[in-house]
Structure formats: structure tokens, C-alpha cells
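Student: I'd like to learn how to read a structure like this one. Can we go through it together?

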Amino acid sequence: MQDFTPKGTAGALQEYDNKYVNVKKRSFAGLSMVLAAYKLFNYCHSYKEFKHKRPRKYH
Amino acid sequence: MSANVENSAVAPGLESVTPSLKNAALLCPGALQAARILHTGQPSLAPVPPLPEHGRKVRFGLIPEEFFQFLYPKTGVTGPYVLGTGLILYLLSKEIYVITPETFSAISTIVLLVYVVKNYGASVGEFADKLNEQKIAQLEEVKQASIKQIQMLLIWRSHSRHWNNIAMALEVTYRERLHRVYREVKNCLDYHISVQNMMCQKEQEHMINWEKETIASCIADLKLLAKKAQAQPVL
């Protein structure tokens, strides 16, 4: 988690690949973790417009 | 007779075998292992380790097992679950996670997905595994065929070396015999030449002797005649 250079990112992706995706018996977890991370990332990115849609005023 | 067994025919044979594996589509895991083993020209890529059987364990399909192991010494077994529940409640109550219509669509999607994966995941996995196995078996066949081909080429090459030696030995004996024949013929011709020379010499000597004799006898006759002629006028 130390370098966010493209090379480091590619290395981290390759690690993730080797651990969860490119195995003999593939499972859904390899793909679902990527989708969950993508969903989380999008939510964080569009948090600003969600702030105004809160149903309650005080929380 | 010079039988040159060309060994350069082996190199083109080898060249035609390896590209077929290089171009094989690496579409399934394990294909890389099957294809890499024959490439000996790249020493940095050591024998690739075999693929792991299962991926790392993941709970709820989202959180890797390592997270649970990471929290186990401090909080025991229920630690991560309590953490998860507390986190979700905190996000909901402080409305950091806002409940919108999209939340409901997301919930229904996730429920459907979980249902499908739980029920049909195993059969789909088996089907995919079968496809994988077929591809790997195909590549294994190609690999075995090319290994056999290369082995036969190696055997042929060793035999051709053997034949090379035999051919060279045969040629050496042939040349030896040729040389001997040449020498014998030369001896025969030399003998004839020396015989002729000797005959000439002998004839010459004989001629000279004969001439000497005739001249001597002529001189003797002449002497006799001269004596007779001298004796007659006296009478």
C-alpha cells in the first residue's frame, strides 16, 4: 500500500489476481470484491449530492 | 563417394515446433504453465509454480479471511462481526450512508444475486472447470506431441552422427585401397620400363661387340690378303 505509481498499482492488481481470480476453482468472491470496491468508490465520489437528499434533518 | 549427412535439417524441424505453442491462446489458467515449460530460451522465467487450487477464503463474498485473522488476537471470534454491525449502524444513524430509492434497488439486486450464486454457482463452476480441463488437455497433447517430435529428432541426430562415422571410415578404406592400386600399377609400369631399358642396353652392347668382331675379322682378312698379295709378285 506504499506506492500509488502505475507500476505499483499494476503490481497490486497482479497480486489480487493471483490470490483471488486466477485459481483453478474460481469463485464469485474474486469478482464481487471488485464490484463492491467500485460501488464504494462511486458512493464516496458522489457523497456531496447525497448529503442533500437526507430524509431526516437532525441526526 | 562422399556421403555427407546434413545435420542442418534438424534445426528447421525444431523451429517449426515451438511457434505453435507460442501462438496457442492463453485463455485458461494453467495454460501458461503448460506452454511455458518448453520455452528454454528465457532463463529468468524459472519453472512457473502450479496454480493454487482455491482462492483465499472470503466471508460473505466480500471480506477476506485475513481480516478476521488480523482481529482475532485482540477481539476473538465475534470481533469483526461486532465491528461490522456497529459500523453499519453508525453509518445509518448518522446518515453518512443515505437511504435513497437506489438503496432499495441495490438491496433487491444483491438479494437476487446471492440467490442465483448460492443455487447455481456450483454447477456453473463445474461447467467452467470442464471447459478448462478440455483446453488444458488439448495443450498437453500438443506439448506431448512436440516432446515426442523433438525426441525423435534427437534420436535421428545421434544416429546420423553414428552414420557419419561409418561413412568416414568407409571413405578412408576406399581411399587407402585406391592408393594401393595406384602404387601397384605404377610398379608394374616401372618394371616394364626398366625391362625395355635393359633390352635396349643389351642390344646396343651386342651390336658394338658384333661390329668390333667383324671389324677385327675384316682386318685379319685384309692382313691375310695383303700377305698373299705380297707373296705373289715375288714369284
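**Reading the two chains**

Tutor: Along its sequence, chain B follows the pattern α-α-β-β-α-α-α. That comes to five helices and two strands. Keep in mind that this is a predicted model.

Student: Let's turn to the interface. How do I describe the area buried between chain B and chain A?

Tutor: The general idea is that interface size is often given as the accessible area lost when the parts come together. Here, the area buried between chain B and chain A is about 2,200 Å², and carbon and sulfur atoms give 59% of it.

Student: Which element gives the largest share of the side of chain B that touches chain A?

Tutor: That is helix α5 of chain B, residues 101-234, with six residues. By class, this side of chain B has 14 nonpolar, five polar and seven charged residues. In total, 26 residues of chain B are in contact with 22 residues of chain A.

Student: What should I look for in a salt bridge in general?

Tutor: Side chains of opposite charge can pair when their charged atoms come close. Over all chains, this structure holds four salt bridges. One of them joins the side chains of Glu66(B) and Arg56(B), at 2.9 Å from N to O.

Student: Where do Glu66(B) and Arg56(B) sit in chain B?

Tutor: Glu66(B) is in helix α3 (residues 65-75), while Arg56(B) is in the loop between α2 (31-36) and β1 (58-59). The two are 10 residues apart, and the pair links distant parts of the chain. Glu66(B) is partly exposed, at 39% relative accessible area, and Arg56(B) is partly exposed too, at 44%.

Student: What does Glu65(B) pair with, and is Glu65(B) buried or exposed?

Tutor: Glu65(B) forms a salt bridge with Arg59(B), and their closest N and O atoms are 2.9 Å apart. Buried means under 20% relative accessible area, so Glu65(B), at 17%, is buried. Arg59(B), at 27%, is partly exposed.

Student: How far apart are Lys143(B) and Glu140(B) in helix α5?

Tutor: Three residues, about one turn of the helix. These two also form a salt bridge, with the closest N and O atoms 3.9 Å apart. Lys143(B) counts as buried at 11% relative accessibility, whereas Glu140(B) is partly exposed at 30%.

Student: Now cysteines. How many disulfides are there over all chains?

Tutor: The count is zero. Cys188(B) is partly exposed at 41%, and Cys200(B) is partly exposed at 46%.

Student: Which residues does Tyr81(B) touch, leaving out those up to four places away in sequence?

Tutor: Tyr81(B) touches Arg59(B), Phe60(B) and Phe68(B). Tyr81(B) lies in helix α4 of chain B and is partly exposed, with a relative accessible area of 33%. Tyr81(B) and Phe68(B) are 13 residues apart along the chain, and their C-alpha atoms are separated by 9.0 Å.

Student: One last thing, backbone angles. What is the phi of Glu95(B)?

Tutor: Glu95(B) has a positive phi of about 55°, although it is not a glycine. You'll find Glu95(B) in the loop between α4 (79-93) and α5 of chain B. At 8% relative accessibility, Glu95(B) counts as buried.

Terms used. Residues are numbered from 1 along each chain as its sequence is written. Chains are lettered from A and ligands numbered from 1 in the order in which they are written. This is a predicted model: local features need pLDDT of at least 70, side-chain atom pairs count only at pLDDT 80 or more; totals for chains, interfaces and linings use all residues. Side-chain values use heavy atoms; hydrogens and water are left out. Contact means heavy atoms within 4.5 Å. Buried area is the accessible area (1.4 Å probe) that two parts lose on being put together, summed over both. Helices (H or I, at least four residues) and strands (E, at least two) are DSSP runs, numbered from the N terminus. Ala, Val, Leu, Ile, Met, Phe, Trp, Tyr, Cys and Pro count as nonpolar, Asp, Glu, Lys and Arg as charged, and the others, Gly among them, as polar. A disulfide is a pair of cysteine sulfur atoms within 2.5 Å. Buried means under 20% relative accessible area, exposed over 50%, partly exposed in between (1.4 Å probe, protein chains only).
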